Amino acid sequence: MSPRPAALLRRIFDRFAPRKAPPRLVGRLTLHRDQIGKPIPPHLYGLFFEDINGAADGGLYAELVENRSFAYFPIHGVRGEGTALSPKTAWETVGRGKRECRFDIAILDPVDERSPNYAVLRASGGPGSFGIANRGYRGGMRVEAGAPYDFSAFIRSGSAMSVAPTVALEGPDGQILARETLAAVSSAWEKREAVLIPRRSESRARLVVTLDIGDAFHLAHVSLFPRETFHGRRNGLRKDLAQAIADLKPRFLRFPGGCIVHGDGLANAYRWKDSVGPIESRRPNWNRWGYHQTYGLGFFEYFQFCEDIGCEPMPILPAGVSCGFSKPFQAVGDEALEAWIQDCVDLVAFANGPASSGWGAVRAAMGHPEPFGLKLLGVGNEEHDTPAFRKRFPKFVERLRRECPGIEIIGTSGLGPEAPLADLMAQTGVSYTDEHYYMEPAWFVENHRRFDGAKREGPKVYVGEYASRGNAMENAVAEAVYLTGLERNSDLVAMHSYAPLLAHYDFCQWKHANLIWFDDGRVVTTPNYHVQRLFASHLGETWVPHDWNLPPRADGRETVVGVSSTYSAREGALFLKFANPQASPVDIEVDIRGGGATTAAATRTLLAGPPEATNDLAAPNRVAPVEEPFQAGPSFSLEIPPCSVVLLRIPSKSPEIR
Ligand code: AHR
């Protein structure tokens, strides 16, 4: 049956009539600059660092030789990828002319008992040279033409005859990029050093150590570092990655984790004393994420990095219980627990003791006679709520309070937004309780008021690990909304850190979301990174009280747009942050009451993009903040585009506070 004429006309009209735009959302923000605002804690924005996804060994730690100490634990392959590791991983034999190399691992007479493995290399066959080559992390070393690389190794002859091995950088085609012959060594271990300067750049170089004259030699702790490291440190950090971290302007750095703190069983826990002293004396460990930790980036290097980037160190030590996610779950017995508590006390001595004291002397011998000024110390990471943990944790707190009164203790409230151990933290009276959650973006938007009505007594909150399971714009905006809530509640939430920080594109165990991605030569910052950087570098010293009105949704629920207003007397600037997770733009009418606002040189920084937009190696700046001049004043309006974050920086004098 054909439609009636009126209905037909209506359909034609509907089709061709201009569409009525949906009404625009208008929000009103009234700032009360004449009211006293809460102080913003100076350490609100910080970073979480863990050796996961190749973050330290093969990542930030600039060492180019993989498995430099022939110490890879044979029992642990890379999680999920089934790669069997062994003390020979990353090494291969080299035989030239008619010679071949027999390669064995020994431990009988090591450089240091704490890292006892070494390579025993013996020649067979006719004349020629023999030795071994290291292919570096992920199949090749990236070296730059003309740049110096510092080689070192412990070497000794394997016979009565002195030997003088040759060290070279070679391209995949076997072409020599750089070569030096080392001074002769006899049958006692000696450290030998050389500088290699490649004549051309190569992304797949290998380090080759060979012997022409002689039949046997031993090698241990073979190292190759670019001379150019962050702040020019020896045993230092990859410059580009360290700079990307520094650019986030963190006020603290949490290290070394994460789950590697408590480890896969007690034997795998990160014991900080294993990570200090000369690198050949550090006791390596397998990594809870399925690879190997040299501990070359150890506690001294972490403290030094904090100093170099101007942030507070926040070490986290194990609480005598192993990771609750790994079977078997283990807890230290009562007697042995004392040693684990002593580790905490000794770490404070290492960081803060005078150079003349026991642990202070260890620090001084490593090149830092001045104390590091440690103030924050975490005990436990995201422990499960078990009687074993509840019994042990208070003992750490009691002793640290007694012996290290200047230290603020960070305890853990467990995994998830339910914070199952928060009651224990309140009972023990720690300074901060550390909560962790990895949730969907919608959770971060819906829970931006999580702390609005929370009680203010008891420990302050440290949101020590969080992420919205993705590195696209929608994740970054959701996290920005949540951050406006944290800034608003920063009288309670004193610190937070996104996690994880780093991930190698070709070696990643935590695939959902990481703040910075990298490969052997490139660094890609995510939309989430841009949010952290924008927010952390525009944090005032006081909160500016405001009223914020936005019409609710049709179902009566809040239309969420994150808003934060802070003022920095130091910078003479007002910072307004907006995060719009909505699919439509929002117009904002801003009214600044109580004086102080000026129009001079205000800027607007916009981070916007489709919800699914992300950055990658092909387009590392697809999503990036754009700054432009902005006309502000006592009252003005602006549009916040859909799925965007906007930061206004308005130069402004301190207002008269009544
Ligand atoms: O950030 C990755 C992991 O997530 C951390 O190691 C752990 O604390 C959390 O479960």
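The structure is a predicted model, in which local features need pLDDT of at least 70 and side-chain atom pairs count only at pLDDT 80 or more, whereas totals for chains, interfaces and linings use all residues. Residues are numbered from 1 along each chain as its sequence is written, and side-chain values use heavy atoms, with hydrogens and water left out.

**Domains and cores**

- The domain assignment, whose bounds come from an automatic or database source, gives domain 1 (25-43 + 542-651), domain 2 (44-62 + 234-422) and domain 3 (81-226).
- The centres of domain 1 and domain 3, taken over C-alpha atoms, are separated by 57 Å.
- The largest nonpolar core has 120 residues, and Phe49, Leu60, Phe299, Leu502 and Ile516 have the most contacts inside it; this core draws at least three residues from each of domain 1 and domain 2.
- A nonpolar core is here a set of buried Ala, Val, Leu, Ile, Met, Phe, Trp, Tyr and Cys residues joined through side-chain atoms within 4.5 Å, where buried means under 20% relative accessible area, exposed over 50% and partly exposed in between (1.4 Å probe, protein chains only).
- Leu502 has contacts (heavy atoms within 4.5 Å) with residues including Phe49, Leu60, Leu241, Ile516 and Phe518, residues up to four places away in sequence not being counted.
- A second, separate core of 33 residues includes Cys101, Ala119, Val143 and Ala205.

**Cavities**

- A search of the whole structure finds 4 cavities of 30 Å³ or more, a cavity being a set of points, on a 1 Å grid over the protein atoms alone, where a 1.4 Å probe fits but cannot get out, with lining residues having an atom within 4 Å of a point.
- Grid points are joined across faces, edges and corners, and a volume is the space filled by probe spheres set on the points.
- The largest cavity holds about 80 Å³ of space, and its lining, which includes Arg68, His221, Arg282 and His292, divides into 3 nonpolar, 6 polar and 2 charged residues.
- The second largest cavity has a volume of about 60 Å³, and among its lining residues are Asp51, Asp57, Tyr270 and Tyr302.

**Helix 3**

- Helix 3 (residues 299-309) has 10 of its 11 residues buried, so it is largely enclosed by the rest of the structure; helices (H or I, at least four residues) and strands (E, at least two) are DSSP runs, numbered from the N terminus.
- Phe299, Glu301, Tyr302 and Asp308 are among the buried residues of helix 3, and what covers these buried residues includes helix 2 (239-246), strand 14 (252-255), strand 17 (312-317), helix 4 (334-352) and helix 5 (358-365).
- Gly310, with a positive phi near 70 degrees, follows helix 3.

**Loops and backbone geometry**

- Leu550, in the loop between strand 27 (546-549) and strand 28 (562-568), counts as buried because its relative accessibility is 15%, and the residues that it touches include Leu25, Val26, Val561 and Val586.
- The loop between strand 14 and strand 15 (285-286) holds Pro256 and also Gly258; the peptide bond from Phe255 to Pro256 is cis, with omega near 0 degrees, and the bond from Gly257 to Gly258 is cis, with omega near 10 degrees.
- Arg469, in the loop between strand 21 (460-467) and helix 9 (473-488), has a positive phi of about 55 degrees although it is not a glycine, and at 40% relative accessibility Arg469 counts as partly exposed.

Definitions and conventions. 1 Å grid on protein atoms, 1.4 Å probe; cavity = no way out; pocket = protein on both sides within 12 Å on 5 of 7 lines; lining within 4 Å. Nonpolar A, V, L, I, M, F, W, Y, C, P; charged D, E, K, R; others polar.
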